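I'll jot down what I look up, entry by entry.

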Amino acid sequence: MYDTLGGGGSFISTKELTKMSAVDRSRVLRVARMEPHLQFMCGPLLRFDTIDEHGIWHGAAMVVTADAGSIYEPFPMLIYEWDPDRSMPTTFSSFGPSKPASPPNGHGLAPVDSRRRSGSTTGRNNQNGSGPGSPTTSGSPGSWNQLNTVPNFDLGPHPADPHSTVLPTSPSGTSFPVQSSSSNGSSGFASFPFGGPNGYGILNGNGLGANACKESVVGQEIWVYGGPGGTFTFWRFLIRVPLGEKEMAVTYSVNGGQKMGFHVPGRRENMRLAAHSCNGFSAGVNPDDFRGPGFKSGYDPVWMDLLSKHAEKPFHVLVGGGDQLLMREPELQDWVTKSKPEDKKAYQLTPEIETTLDRFFFNHYCQHFRSGAFARANSSIPMLNMCDDHDLIDGFGSYPDDLQMAPVFRAVGSRGYFFFLLFQCFTNPEIDGLVDAPGKHVYQSLIVGQIGPYIPFPSHSSLSRLGPKEWMLMLDCRAERKKDQVCSSAEYDKVFARMRAIPSEVEHLIVQLGIPIAYPRMVFLEQALESKFNPLVALGRNGTMGLSGFVNKFNAEAELLDDLNDHWTARSHKRERNWLIEQLQNFAKARKIRVTFISGDVHCAAVGVLRTLKLKNKPDIPPEQDHRYMLNVVTSAIVNTPPPAGVITMVSSLATKVHKTLHTTDTDEHMMPIFATEPNGQSRKQRFIMGRRNWCQIEFDDRSGAIVFDIRVEREKGYGATVGYSCQAPPPRWVKES
């Protein structure tokens, strides 16, 4: 039996609905209709750009519509509204049972904390990275993960999700009063997509005040896809919201349809972030293996956990660290299955292959971005995304030049990057241009690099203001990548020039890198796989002894070698890596800014640490006074399967190895032993690497000036509920250079 919210704020069960007249039932369950009608293929999607010097929030929304089922007279219009005087409503406390349910099926999902508060004991104890971490817990029964009390994870209505329920939602044009106060500090009016875990909730609580604002923006047509199913139009709506004194909720709708919403911080507040990566399953993985009781898909559980945190205390930005989808080649099998690398290189790019690539990327993006819990997240938390290899194809950029230049391989990368720009960044270079000078591009944060060696587009990095004390750099490490290069010198020059314009009062710069920069080395494995004397590679090339899977399907080199070549710590990238770290250290020292990395890619969680090398008979420099102190928070994967236990064991053993490569620049590096216990509280030996699905919530601590990174680790496979492991990037407290 479902509960739905009635017009007076009371709950109505579906059993009671069956006793109503048809007219009354339709009034209770009516979904807002768009006028004129649009047939959504994907969206609405939200994107964050930056906050400008005048305190204006800049971002965009995008929808993809089917032309045959839509009316464009007039063009689609997005209406958004906000009220700077209105307190944000509560939602989550209004839903669900009054007390926690028992753990399902005896799997031990006991109450755990659902949101680390600023200045928590765990965060403070882990600030210096000197002690082992433990899961954040809370004795408060009202703050534990609400996923455990939900018998069925019905996500509620969504404009584009074909599996979305229409039961229940608020009637068109009606808002329901909020029954509970916001004294608990919670908020959340748009996460499932508006309200509790079953998608039932409020849109506007108490009406709009005297200072309420409403804006409308006509959609801009930025691209049209034409395929076997017809033509489909991409519509972009630029959004600008002047920040108020306190956090605000912004509601929006397209053509008067379903109301949705997102949150923006107060003018003097720093944003709360949710970071993730690897948002899809690898080939051969059965998603149902990760689908716990009550879930419709193995994609949803950990996303539902993120949404439950968003409902309690909303996030302002959803940071995508790469691999939003995993490119597969089912329709390119004739090319993929060519046994000789020379045949792949010579394979002709036909119009049929070009059509196939566009059809794959379009269909896969639409299906993935409009489905399940992720669709509710990307329509209620503005995204800030970067590209990694699986957004194009596995290992793109890290293969030898002759393979990268092969017509089919290059076409895969080119179209993959184009669709990354379109779906994840809401930009089309043919419409928006490639000039990133002030006032010349729709996105102020954009930093355009050089044309890539294998992609006919320049790199698209970005530098965004997240608040008075923190900024974020999304460094594009894929568009210009070669086997011996991650980013070109021209890209670095433009990025550092933009960084030098960061205001002097800023204390934190978060740098998003797709691949970890401080992570255990696997040099010995790299050397073994590259060796021409490796017997396993030779046997794999011949398909002997069942070892054909040991070699890469693209160039018959050892499998995993493309992944190792991708890493910053690969021999071919080590010099560039060390140079980048040293340049960022110099920047941090001169500008008195704490630099922190966040990464994904590796399908496990970890925290690397860079710090000033301790000299003999000299005391350690406290982290807050050490300009070289940089964390590399690794959060991966929110959906994909973790590596096998043997791989986790190997990487964990390598985490204890001492590396001297940066000792010449007075820098030491190690892994933080943050995972002292399992999510269920049991002690664990492998304290450096956690092989479970995860994501990371990031929050500025106003009291200490630190940024707290809380890695949320799935407690039980397929159940979604998480336990937090926190570390802190301390504020910069060294003497600034004159």
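Predicted model: local features only at pLDDT ≥ 70, side-chain atom pairs only at ≥ 80, totals over all residues.

**Entry: cysteines**

I started with cysteine 477. Its sulfur sits 4.1 Å from the closest cysteine sulfur, the one in cysteine 487, so that is too far for a bond. The rule I used calls two cysteine sulfur atoms a disulfide when they are within 2.5 Å. I also looked at cysteine 727: the closest cysteine sulfur belongs to cysteine 696, 7.0 Å away, so again too far for a bond. By this rule I end up with zero disulfides.

Are these cysteines buried or exposed? Cysteine 477 has 4% relative accessibility and counts as buried, and cysteine 727, at 0%, counts as buried too. Buried here means under 20% relative accessible area, exposed means over 50%, and partly exposed is in between (1.4 Å probe, protein chains only).

**Entry: ground rules**

Residues are numbered from 1 along each chain as its sequence is written, and side-chain values use heavy atoms, with hydrogens and water left out.

**Entry: the overall picture**

I looked up the totals next. The protein has 17 helices and 24 strands. Both kinds are DSSP runs numbered from the N terminus: helices are H or I with at least four residues, strands are E with at least two. Of the 738 residues, 61% are buried.

I checked contacts as well, meaning heavy atoms within 4.5 Å. Among contacts between residues at least 6 apart in sequence, 76% join residues at least 24 apart.

**Entry: the cores**

Which residues touch the most other members of the largest nonpolar core? I found Phe234 and Phe423, in a core of 72 residues. Helix 10 (residues 407-425) gives the most to this core, with 12 residues. For the record, a nonpolar core is a set of buried Ala, Val, Leu, Ile, Met, Phe, Trp, Tyr and Cys residues joined through side-chain atoms within 4.5 Å.

I then zoomed in on phenylalanine 234. Ignoring neighbours within four places in sequence, its contacts include Met62, Trp223, Phe362, Leu422 and Phe423.

**Entry: helix 4**

I compared the length of helix 4 (residues 301-312) with what it should be. Its 12 residues, at 1.5 Å a residue, should span 16 Å, and the end C-alpha atoms are 17 Å apart, which agrees. The expected span is 1.5 Å times one less than the number of residues. How many of the residues of helix 4 are buried? It is 12 of 12, among them Trp303, Asp305, Lys309 and Glu312.

I traced an open sheet with the strand order 6-5-9-10 and antiparallel pairing. Strand 6 (213-218) and strand 10 (260-264) are at the edges with a single partner strand each, so one side of each has no neighbour in the sheet. The twist averages 25 degrees from one strand to the next. Angles are taken between N-to-C directions, from 0 to 180 degrees, with axes as lines fitted to C-alpha atoms (for helices, over the stretch in contact).

Two strands pair if DSSP finds at least two bridges between them. Leucine 78 has valine 254 as its bridge partner in strand 9.

**Entry: strand 20**

Five of the five residues in strand 20 are buried. Met630, Asn632 and Val634 are on one side, Leu631 and Val633 on the other, and both faces are covered. Strand 18 (residues 594-599) runs parallel to strand 20, joined by three bridges; strand 19 (residues 606-612) runs antiparallel to strand 20, joined by five.

I found a cis peptide bond between glycine 43 and proline 44, with omega about 5 degrees. Proline 44 is in strand 3 (residues 40-51). The bond from serine 636 to alanine 637 is also cis, with omega near 0 degrees.

Last, phenylalanine 426 has a positive phi of about 55 degrees although it is not a glycine. Phenylalanine 426 sits in the loop between helix 10 and helix 11 (429-432), and at 0% relative accessibility it counts as buried.
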